[in-house]
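Open the model in your viewer and keep the selection tool at hand. The stops below say what to select next and what is there.

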Amino acid sequence: MNVSKKELHTKLRRMRSLLKFEPHIDVHHRSFLDFLNEPSRSGGYYVSEQGGKRRYLELIVDSIVLHVSRVIQNPN
């Protein structure tokens, strides 16, 4: 994602009532995920399960490519 842990926490700090940050980012209430998965409730914030999985995999692949590129550029 090209974002440091500190930057991510800064960007998400206004969502502290919805998210917990330790030991990793997660939701406090599963109902928030239900909200995101229901287009009639979440409107522009809607995230389909398939779309969410696709984006998650894209971020993983991007992270792997970035890591491999850095290792290739600086193998030590």
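**Stops on the tour**

Start with the largest pocket: its lining takes at least three residues from each of domain 1 (1-45) and domain 2 (48-75), with bounds from an automatic or database domain assignment. The model is predicted, so local features need pLDDT of at least 70 and side-chain atom pairs pLDDT 80 or more, while totals for chains, interfaces and linings use all residues. Residues are numbered from 1 along each chain as its sequence is written, and side-chain values use heavy atoms, without hydrogens and water.

A pocket here is an open set of points on a 1 Å grid over the protein atoms alone, where a 1.4 Å probe fits, with protein on both sides within 12 Å along at least five of seven lines; lining residues have an atom within 4 Å of a point.

Select Leu19, Ile25, Leu36, Tyr56 and Leu59, which lie nearest the centre of this pocket among its 28 lining residues. The space amounts to about 1,200 Å³, counted as that filled by probe spheres set on the grid points, which are joined across faces, edges and corners.

Next, select helix 4 (49-73). Helix 4 gives the largest share of the lining, eight residues; helix 1 (5-12), strand 2 (26-27) and helix 2 (30-36) each supply at least two. Helices (H or I, at least four residues) and strands (E, at least two) are DSSP runs, numbered from the N terminus.

Now colour by domain: the C-alpha centres of domain 1 and domain 2 are 20 Å apart.

Finish at Pro23, in the loop between strand 1 (19-20) and strand 2. A cis peptide bond links Glu22 to Pro23, with omega about 0 degrees. Most peptide bonds are trans.
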